Amino acid sequence: MDAGLFKLGARRGALLVSLWLAACGGGGGDEAGSAAPEVPEAPAASVQVACTGVGCDASGTGYGGQGLAILVYRNTGDVAAPASLRLEGTSGRTVTLVLGNGSAQPQVMPAQSAALAAVVDVPQAIPARTASRNPFRNDFGVAGTPRTAVPALAWQVGDMRNWIDEEDSAHRATLLRQTRAGDGRVVNLWLEDGEAGGGRVTDAMLDNLIARVAGSGDAAYELVTRLVGPVWGEQPYPHLLPADAPLDVVLLNIDRDGVPWGRVGYFWSRNNLLRQVRPQSNEALAIFLDTETLYLGGDIGRRYVVSTLAHELTHMANFYRRGVGMAAAGDYVFDTWLEELTAMMAEDLLSARLTPGFNATRDMRLPNWLKHGAYNCDVTAFDERRDATCYGYNVAGSYAGYLLRQHGPALLQRLSASQVDTDSKALFEQVLGEVGGIGLAESVRRWQASVALLATDAPVGYGYPARSEAGYALPGIDGRLFSGTRVMPAALPARLAPYGAAALEQRDVAAPYAQTIQLPARGTLTVVVQ
């Protein structure tokens, strides 16, 4: 996570003080009877049609009466502002209102009319931004005796060794499968002792998995390296693994809770360091995958393990390119939110060839984002708590799927290679502008309109349309399929998280549809009529 703190500018801080004094009535008038100064009323929010082309039925700044229309009201000021809606032709239609925060600071939600929604506090709506271990960042330029020439270990099938997990516990495992990737790198498949047979990991599972790891055009190693670059190679640092280190895929019972899912896999760049500087390193180019998901998750579980393999290989490639290859120029390792965003993009792009019939965005992350009502969440603050409303894999995964279907694989490839800034958000803004001409706030606003369960033929810039480009096929996602599981908030939150949103739906409305909504400072209101 980003360990930085939110910084409110002096102007905003002064504004908050003046509002508080006005609300308290100040200290009373002076001898001349002067009253406390009034806070000037903010101008009304501006409105514009926010959709174009086929599928957009907006007339002027209203609704055409057929199909779907999207309008956006914007408050560019530092105080709340009213948005007055009056839309014709809405009889019997559904109106979805998405109040969004287009800024990097949390914003107080203004009071609304009782007819719209009560304002309540939702404690979990804004996840805490705290320092967290970034498993993709390590100080490998530490002092010590440099290696002279550390050869790659020539493991053979049947060999055994201990593997150290994230909690620094050792697990004995046996090398059961071995192959070579297309570029010649040796690939080892290890299984923790006690996890074979008896309703657990079978020979057939191992055979299938090693085939999905490497050695063919549709295997994860080949697909990932073609998409985002090599996972390892030559580098000048004496305390890192040699260029020809084998790729070790280690099957461990990660959670040991008797159920699939949970922690399905991980990559930790600590293992790329030699033990002389990191005693708990496995000294291996290693990815860890969960055995319980393989044998308790059914066919979907096995496909998800393979999808996770591509995810972790992307982390590995990012570390080699950005953490190692760019290290001499600066710290270009992504913050966790952008690191995870790119890994989930890779999964999505490769799913048609790597896990046919299963797509993690369509089948898990987007449905879970909608099911948990995870709209008031900061996409630049990755929440790793599995029980959190703003669980990062649901939030960032849904956003990643939207981004790819709007901007294509070039977005991921440019992000992976870009050195325009060491700040992850600034880099993302720059690259997003290069491929789409819009910034983070506008991109998030359009994505959040997906709460309205848009069809695959949504207007340009919205929804999850199918996309096929440069050999990568992304399945379209029809939001209407989730009408039975989507959760809408019962009321508006007291605050909007940075880049967060609150959504309300009103069905079978009258005509004209008239409503006045108070927008928070720097807020937007996206209105979807369908």
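**Close-up views of a predicted model**

**Figure 1.** Arg446 is partly exposed, with 22% of relative accessible area. The model shown here and in the other views is predicted. The side chain of Arg446 forms a salt bridge with that of Glu442, with 2.8 Å from N to O. Glu442 has a relative accessible area of 16% and is buried, because the cut-off for buried is under 20%. Both residues belong to helix α11 (residues 440-448), where they stand 4 residues apart, about one turn of the helix. The pair is part of a network of salt bridges that links Arg74, Glu442, Arg445 and Arg446. In the model as a whole, the count of salt bridges is 24.

**Figure 2.** A salt bridge joins the side chains of Glu166 and Arg263, at 2.7 Å from N to O. The two residues come from distant parts of the chain, 97 residues apart. Glu166 sits in the loop between β9 (160-164) and β10 (170-180), and Arg263 in the loop between β12 (247-252) and β13 (265-266). Is Glu166 buried or exposed? With a relative accessibility of 18%, Glu166 counts as buried. Arg263 has a relative accessible area of 24% and is therefore partly exposed.

**Figure 3.** Arg177 and Asp203 meet through their side chains in a salt bridge of 3.6 Å, N to O. This pair also links distant parts of the chain: Arg177 is in strand β10, while Asp203 is in helix α2 (residues 203-213), 26 residues apart. Arg177 is buried, at a relative accessible area of 18%. Asp203, at 53%, is exposed, because the cut-off for exposed is over 50%.

**Figure 4.** Helix α5 (residues 298-325) crosses helix α6 (residues 336-354) at roughly 130°, and their axes come within 8 Å. The crossing of α5 and α6 is right-handed. On the α5 side, the contact includes Tyr304, Val306, Ser307, Thr308, Ala310 and His311. On the α6 side, the residues include Glu339, Glu340, Thr342, Ala343, Met344 and Ala346. What kinds of residue make up the contact of α5 with α6? They divide into 8 nonpolar, 7 polar and 3 charged.

**Figure 5.** Phe334 is found in the loop between α5 and α6. Its relative accessible area is 1%, so Phe334 is buried. Gly323 is 11 residues from Phe334 in sequence, and the two are 8.6 Å apart in space, C-alpha to C-alpha.

**Figure 6.** Helix α6 also packs with helix α9 (residues 409-417), at an angle of about 140° and with the axes 10 Å apart. The two helices are therefore oblique to each other. Their crossing is left-handed. In α6, the residues that meet α9 are Leu338, Thr342, Met345, Ala346 and Leu349. In α9, the partners are Pro409, Leu411, Leu412 and Leu415. The contact of α6 with α9 has 8 nonpolar residues, 1 polar residue and no charged residue.

**Figure 7.** Most residues other than glycine have a negative phi. Asp168 has a positive phi, near 70°. Its place is the loop between β9 and β10. Asp168 counts as partly exposed, at 40% relative accessibility. Arg256 is not a glycine, yet its phi is positive, about 55°. Arg256 lies in the loop between β12 and β13. With a relative accessible area of 46%, Arg256 is partly exposed.

**Figure 8.** The peptide bond that joins Ala511 and Pro512 is cis. Most peptide bonds are trans. What is omega for the bond between Ala511 and Pro512? Omega is about -5°. Pro512 is located in the loop between β19 (501-506) and β20 (513-519).

**Figure 9.** The chain has 11 helices and 21 strands. Of its 530 residues, 53% are buried. Among contacts in the chain with a separation of 6 or more, 75% are between residues 24 or more positions apart.

Note on methods:
Residues numbered from 1 in each chain as written. Predicted model: local features only at pLDDT ≥ 70, side-chain atom pairs only at ≥ 80, totals over all residues. Heavy atoms only, no water. Axes fitted to C-alpha atoms, helices over the stretch in contact; angles between N-to-C directions. Left-handed = near helix turned anticlockwise from the far one by under 90°. Contact = heavy atoms within 4.5 Å. Nonpolar A, V, L, I, M, F, W, Y, C, P; charged D, E, K, R; others polar. Salt bridge = Lys/Arg side-chain N within 4 Å of Asp/Glu carboxyl O. Buried < 20%, exposed > 50% of the residue type's maximum accessible area, 1.4 Å probe, protein only. Parallel < 35°, antiparallel > 145°, perpendicular 65-115°, else oblique.
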